[in-house]
Amino acid sequence: MENKMEVNQLTEELNAWVAGDQDTHILIMSFRDACEQARLPQKYSDVLEGILSRLESSSLFTEESCSFSKKDLAAALSLWLEKAQQASMKN
């Protein structure tokens with residue numbers, strides 16, 4: 001999140017995941033790497049890990065048996081990305 005290109009890349013990966021064209025584990029690694037590289041305050045890492053934990057759990061089950069909605073997880077990641085981008089601009 002140090003530059004707009006990375007935010008755009010994460011947004012594209014998230015959109016591809018929602019469309020079924022991106023592997024869940026690759027998406028998770030991309031978000032973790034971006035968070036680490038951006039050196040955001042710890043609270044951002046904590047919130048992201050909560051979302052990614054739910055995402056990892058949901059990938060273990062079929063959509064019908066999982067209590068986490070793909071749409072809700074995508075919205076949570078999108079919101080996190082927006083807030084993280086704002087925080088990185090303040091630094």
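Two salt bridges turn up here, a salt bridge being a side-chain nitrogen of Lys or Arg within 4 Å of a carboxyl oxygen of Asp or Glu. Keep in mind that this is a predicted model, where local features need pLDDT of at least 70, side-chain atom pairs count only at pLDDT 80 or more, and totals for chains, interfaces and linings use all residues. Residues are numbered from 1 along each chain as its sequence is written, and side-chain values use heavy atoms, with hydrogens and water left out.

**Salt bridges**
- R32 pairs with E49, with the closest N and O atoms 2.8 Å apart.
- That pair links distant parts of the chain, since R32 sits in helix α2 and E49 in helix α3, 17 residues apart; helices are DSSP runs of H or I, at least four residues, numbered from the N terminus.
- E56 forms a salt bridge with R32 too, and here the closest N and O atoms are 3.4 Å apart.
- E56 lies in helix α3 and R32 in helix α2, so this pair ties together parts that are 24 residues apart in sequence.
- Shared partners join R32, E49 and E56 into one network.
- R32 counts as partly exposed at 29% relative accessibility, on a scale where buried is under 20% relative accessible area, exposed is over 50% and partly exposed is in between (1.4 Å probe, protein chains only).
- E49 is partly exposed at 31%, and E56 is partly exposed at 28%.

**How α2 and α3 pack**
- The two helices pack at an angle of about 170 degrees, with their axes 10 Å apart; axes are lines fitted to C-alpha atoms, for helices over the stretch in contact, and angles run from 0 to 180 degrees between N-to-C directions.
- α2 and α3 are therefore roughly antiparallel, a label for angles over 145 degrees.
- Among the residues making the contact are F31, R32 and C35 of α2, and L52, L55 and E56 of α3, where contact means heavy atoms within 4.5 Å.

**Nonpolar core**
- The largest nonpolar core has 23 residues, and those with the most contacts inside it are F31, L40, L55, L77 and W80; such a core is a set of buried Ala, Val, Leu, Ile, Met, Phe, Trp, Tyr and Cys residues joined through side-chain atoms within 4.5 Å.
- α4 gives the largest share of this core, seven residues.

**The loop residue R39**
- R39 is found in the loop between α2 and α3.
- R39 has a positive phi of about 50 degrees although it is not a glycine.
- At 71% relative accessibility, R39 counts as exposed.

Methods. Angles under 35 degrees count as roughly parallel, over 145 as roughly antiparallel, 65 to 115 as roughly perpendicular and the rest as oblique.
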